[in-house]
Amino acid sequence: MLANLPPYKLKQLKVVVLTGAGISAESGLKTFRDNNGLWEEHSIEEVATPDGFERNAELVYRFYNQRRRQLLSPDVKPNKAHLALAKIERVMGNNFTLVTQNVDNLHQKSGNKNVLHMHGSLLSARCLRSGHSSAIYSDLDHSNQCDCCQPTNSLRPDIVWFGEMPKYMPQIEECLSQADIFISIGTSGTVYPAAGFVSLANQSGAHTVELNMEPSSGYNEFAEKHYGPATEIVSKFVDTLLKGFNFD
Ligand code: OAD
């Protein structure tokens with residue numbers, strides 16, 4: 001593990017982590033493409049595209065309301081894998097960048113402060129006219145109005161749907177161009193641009209690591225791979241990573 005890396009000092013290292021639904025699976029949140037995945041009940045076109053929202057906004061509001069309620073239930077807590085990533089941020093500070101495709105808040109709950117939610121957040125609503133985002137902790141529908149426009153306007157879930165531009169892309173690409181280590185956790189590697197981050201990291205000369213239940217679509221692009229449940233392999237990997245470097 002990490003055998004072919006030069007003898008870095010931890011403070012000089014830049015680490016970028018990308019997470020996907022697999023990291024939250026053991027916290028009780030369903031992934032998108034596993035057997036019981038959400039898409040079996042609803043097609044992507046229905047609930048995760050601007051056209052789907054135009055065709056049946058009620059269904060889309062209901063779908064994300066259900067997910068928000070589940071997220072806010074006391075049963076859904078960060079797991080050992082989320083906690084391990086919070087530990088990296090505590091040790092590395094600004095040299096650690098956490099990018100997530102997840103719309104849950106489990107990284108924040110486990111203690112990560114800088115989280116780039118490239119696909120948006122369940123706990124945010126967006127004004128349909130201005131695009132301004134605001135926090136939301138209850139159900140959302142057409143009756144909720146923004147406080148940024150005059151007259152006020154309707155809000156939509158602040159989720160990046162298919163066909164829309166993910167958030168923070170310039171910042172993420174900048175971090176990837178400087179990365180020494182890129183670690184992809186719990187993602188099937190099927191949705192771009194996130195699925196292409198490993199190529200960008202490889203082009204920057206980073207050591208690339210996949211931690212997932214099974215090989216992802218782009219598994220052969222990673223220099224190092226470990227497969228198993230995130231709660232087991234992520235904390236083990238993080239412990240090795242932090243032990244393997246000189247802290248001076
Ligand atoms: P997916 O559902 O596509 O993939 C989840 C991955 O996690 C799979 O490769 C599983 O093998 C793995 N996995 C499942 N349980 C795991 C566990 N306990 N430990 C480790 N790995 C596990 O989810 P994403 O790759 O995140 O986009 O999906 C990417 C995007 O597609 C999502 O952000 C969403 C979706 O459409 C939008 O909503 C825009």
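Which space is the largest pocket?

Analyst: The largest pocket is the space taken by the ligand (a pocket being an open set of points on a 1 Å grid over the protein atoms alone, where a 1.4 Å probe fits, with protein on both sides within 12 Å along at least five of seven lines; to count as sitting there, a molecule needs more than half of its atoms within 2 Å of the grid points). Keep in mind that this is a predicted model, where local features need pLDDT of at least 70 and side-chain atom pairs count only at pLDDT 80 or more, while totals for chains, interfaces and linings use all residues. Residues are numbered from 1 along each chain as its sequence is written, and side-chain values use heavy atoms, with hydrogens and water left out.

So who's around the ligand?

Now the polar contacts (N or O pairs within 3.5 Å). Ser188 has a side-chain N or O atom 2.5 Å from a ligand oxygen, and His119 brings a polar side-chain atom to 2.8 Å from an oxygen of the ligand. On the nitrogen side, a polar backbone atom of Met213 lies 3.2 Å from a ligand nitrogen. Taken alone, the ligand exposes 790 Å², and the protein buries 96% of that (Shrake-Rupley areas, 1.4 Å probe).

The whole structure has 5 salt bridges (a Lys or Arg side-chain nitrogen within 4 Å of an Asp or Glu carboxyl oxygen). In one of them, Lys87 pairs with Asp239, with the closest N and O atoms 3.0 Å apart.

Then the backbone. Gln150 and Pro151 are joined by a cis peptide bond, omega about 0 degrees, with Pro151 in the loop between β5 (133-135) and β6 (155-159). Tyr168, not a glycine, has a positive phi of about 60 degrees, in the loop between β6 and α8 (169-178).

Conventions
Polar contact = N/O pair within 3.5 Å; in protein donor to acceptor, adjacent residues only side chain to side chain. 1 Å grid on protein atoms, 1.4 Å probe; cavity = no way out; pocket = protein on both sides within 12 Å on 5 of 7 lines; lining within 4 Å. Helix = DSSP H or I, 4+ residues; strand = E, 2+ residues; numbered from the N terminus.
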